[in-house]
Amino acid sequence: MSSTVGGSGSSEPSGVKKTSKRPKYSKFTQQELPACKPILTPRWVILTFLVAGVVFIPLGVICLFASQGVVEIVYRYDTDCVPPSSRNNMVAYIQGEGDKICNRTLTVTKPMKHPVYVYYQLENFYQNHRRYVKSRNDAQLRSPSEERDVKTCAPEDNVGGEPIVPCGLVAWSLFNDTYSFSRNSQQLPVNKKDISWKSDREHKFGKNVFPKNFQTGAPIGGGTLNISKPLSEQEDLIVWMRTAALPTFRKLYGKIETDLHAGDTITVLLQNNYNTYSFNGQKKLVLSTTSWLGGRNDFLGIAYLTVGSICLFLAVTFAVLYLVKPRQLGDPSYLSWNRSAGGLQ
């Protein structure tokens, strides 16, 4: 009787399928896929480091030469373009009425072949701040049907109940200093066409989206826009809206499509409108040529030289150790359980 009860209690109902959490067998789940398992012999390690060093060091030298071949003129003007009588309160000066124009002279030290790129450089400006970056609506920039979707643009979202186009702090703080150049009393035109990314003009800014209510409320943050031109043609805005990752950055203002010769004197008419004084920022005007590698940037060349030198040093060090104190590959005497307290067995 007891055996019958015990037997029936341990049995499972008929027709119930037993489930298992074990995965279905495959070479992937059982880690049986073919794999490359190289044996790092001393010769292979030394050869790998040697090849890396021999390749990286010449690449670093080439990159440094290309970077040094770029000619740059950098001029900081945020303090120089403020009258001495107003330098004790530069915030009040920049927020005051009236034109803030100053003339400055730059001397070309080396020949600069066209195109000569004109940049403005800002320092201590955190375009990567979370609230700043999120204060925009990319859908509104592309389509007129989205112009009332300004919920992500606060505080620059509406004026008198009407939406701002383009909305948000990024557009509101548009850089508005201007530069004009002349050489020997002859004007140097600045080409401002195609200074933005083609993909931005064609896909991120609409050809039928026009500015509305922009910079009509107080306070005004920066530049204004032409209400008769679509956003896809307002390239200063497009360049500015591609936010920078670091607090010091350059943005393209235009291109001078004329060669500049060594010894040339360039007269610059600056209109100092942008307020960087409230946050202790700096403004610089940059004239620069380019090389096949781009603008001046020594980092890539220094990185190649550093890595190549380390690899070459390790190759020489390992080669010396291998020659002075060679070791048989797979020698079991080096295993921890084959070592005695006084040394190797």
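Are Cys-153 and Cys-167 buried or exposed? Both are buried, where buried means under 20% relative accessible area, exposed over 50% and partly exposed in between, with a 1.4 Å probe and protein chains only. The model shown in these views is predicted: local features need pLDDT of at least 70, side-chain atom pairs count only at pLDDT 80 or more, and totals for chains, interfaces and linings use all residues. Residues are numbered from 1 along each chain as its sequence is written, and side-chain values use heavy atoms, with hydrogens and water left out.

**View 1. The disulfide of Cys-153 and Cys-167.** The two sulfur atoms are 1.9 Å apart; a disulfide is a pair of cysteine sulfur atoms within 2.5 Å. Cys-153 lies in the loop between helix H5 (138–142) and strand E4 (158–159), and Cys-167 in the loop between strand E5 (162–163) and helix H6 (169–172), so the bond ties together parts that are 14 residues apart in sequence. Helices (H or I, at least four residues) and strands (E, at least two) are DSSP runs, numbered from the N terminus.

**View 2. The disulfide of Cys-81 and Cys-102.** Here too the sulfur atoms are placed 1.9 Å apart. The link is right-handed, with 50° about the S-S bond. Cys-81 sits in the loop between strand E1 (72–76) and helix H3 (90–95), while Cys-102 belongs to strand E2 (residues 101–107), so the pair ties together parts that are 21 residues apart in sequence. Cys-81 is buried at a relative accessible area of 5%, and Cys-102 is buried at 8%. A search of the whole structure finds 2 disulfides. With the bonded cysteines of the chain numbered in sequence order, the pairing is 1-2, 3-4.

View 3. Cys-311 is in no disulfide. Cys-63 is buried, with 5% relative accessibility, and Cys-311 is buried, with a relative accessible area of 10%.

**View 4. The two annotated spans.** An unreviewed UniProt entry gives the annotation "transmembrane region" to residues 44–66 and 302–324; its positions are in the numbering used here, feature names are shortened, and annotations may be inferred rather than shown by experiment. Residues 44–66 are 100% helix and 0% strand, with end C-alpha atoms 33 Å apart. Residues 302–324 are also 100% helix and 0% strand, and their end C-alpha atoms lie 33 Å apart.

**View 5. An open sheet of 4 strands.** The strand order is E1-E10-E3-E8, and the pairing is antiparallel; two strands pair if DSSP finds at least two bridges between them. E1 and strand E8 (249–256) stand at the edges with a single partner strand each, so one side of each has no neighbour in the sheet. Strand E3 (residues 116–123) and strand E10 (residues 282–288) run antiparallel and are joined by 7 bridges. Within this pair, Val-118 has Leu-287 in E10 as its bridge partner.
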